Amino acid sequence: MHELSLAVQLVQIADEAARAADAKRVTAVVVKIGALSGVAEDALRFAFDVAVADTLLAQARLEIHPVSVKVVCPRCGIVELPSLQRFCCPQCDTSTADVRTGREIELESIEVE
Ligand SMILES: [Zn+2]
């Protein structure tokens, strides 16, 4: 459970960016969350609501863009994992742990007024 510290960090970055841009308030925050990041969406939403108090983000909408897990199969190239239970290529069943996407926790963009 690191969602609260994550939310505080996201809010801080967005708040600073909004102030630097002379914005009155932040209306939306878009974050990319990978399926392997360990972040629970519900917990992040709850933590975000707590973290935005007394910041320019007080009324901001949190938009979460989930990122699926893509791995490199030595035969097929980059493939998307259909399940996190098995790290095997869905096309040829070769096992692989060469993860290319799915670990990200990123602030993608903010909308300000
Ligand atoms: Zn394959």
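Predicted model: local features only at pLDDT ≥ 70, side-chain atom pairs only at ≥ 80, totals over all residues.

Colleague: Fine. How many helices and strands does the protein have?

Modeller: There are 2 helices and 6 strands. Reading from the N terminus, the order of elements is α-β-α-β-β-β-β-β.

Colleague: And is it a compact globule or more spread out?

Modeller: More spread out: the radius of gyration is 17 Å, well over the 13 Å that the globule rule gives for 113 residues. The C-alpha trace spans about 55 × 25 × 15 Å along the principal axes.

Colleague: What share of the residues is buried?

Modeller: Buried residues make up 38% of the 113. As for contacts with a separation of 6 or more, 70% of them come from residues 24 or more positions apart.

Colleague: Let's do strands. Which ones does β1 pair with?

Modeller: β1 pairs with β6, residues 105-112, in the antiparallel sense over 7 bridges. It also pairs with β2, residues 61-67, over 7 bridges, but in the parallel sense.

Colleague: Why would you call β1 largely enclosed?

Modeller: Because 8 of its 9 residues, in the stretch 26-34, are buried, the strand is largely enclosed by the rest of the structure.

Colleague: Now the sheet with β3 in it. What's the strand order there?

Modeller: It's an open sheet of 3 strands, in the order β4-β3-β5, and the pairing is antiparallel. The edges are β4 (77-80) and β5 (99-101), each of which pairs on one side only. Ignoring direction, neighbouring strands in this sheet are turned by 40° against each other on average.

Colleague: How many bridges join β3 to β4?

Modeller: 4 bridges, with β3 covering residues 70-73.

Colleague: OK, the metal. Which residues hold the zinc ion?

Modeller: Four cysteines coordinate it through their SG atoms, C73, C76, C89 and C92, at 2.3 Å. Along the chain the donors follow the spacing C-x2-C-x12-C-x2-C.

Colleague: What does that do for parts that are apart in sequence?

Modeller: C73 lies in β3 while C89 sits in the loop between β4 and β5, so this pair ties together parts that are 16 residues apart in sequence.

Colleague: And what's the geometry of the zinc site?

Modeller: Tetrahedral, with angles of 103 to 112° among the 4 donor atoms. For reference, the ideal angle for four tetrahedral donors is 109.5 degrees.

Colleague: Is C73 buried or exposed?

Modeller: Buried, with a relative accessible area of 2%. C89 is buried too, and its relative accessible area is 2%.

Colleague: Switching to the helices: where is D15 found?

Modeller: D15 is in helix α1, which covers residues 3-20.

Colleague: Why does D15 count as buried?

Modeller: Its relative accessibility is 12%, and buried means under 20%. Leaving out residues up to four places away in sequence, D15 touches T55, L56 and L57.

Colleague: Great, I'll start with the zinc site and then look at D15.

Definitions and conventions. Residues numbered from 1 in each chain as written. Heavy atoms only, no water. Pairing = 2+ DSSP bridges. Axes fitted to C-alpha atoms, helices over the stretch in contact; angles between N-to-C directions. Donors = N, O, S within 2.8 Å, 3.2 Å for Na, K, Ca; no water. Tetrahedral: all angles 85-135°; square planar, octahedral: opposite > 155°, others 65-115°. Buried < 20%, exposed > 50% of the residue type's maximum accessible area, 1.4 Å probe, protein only. Rg over C-alpha atoms; globule rule 2.2 N^0.38 Å. Contact = heavy atoms within 4.5 Å.
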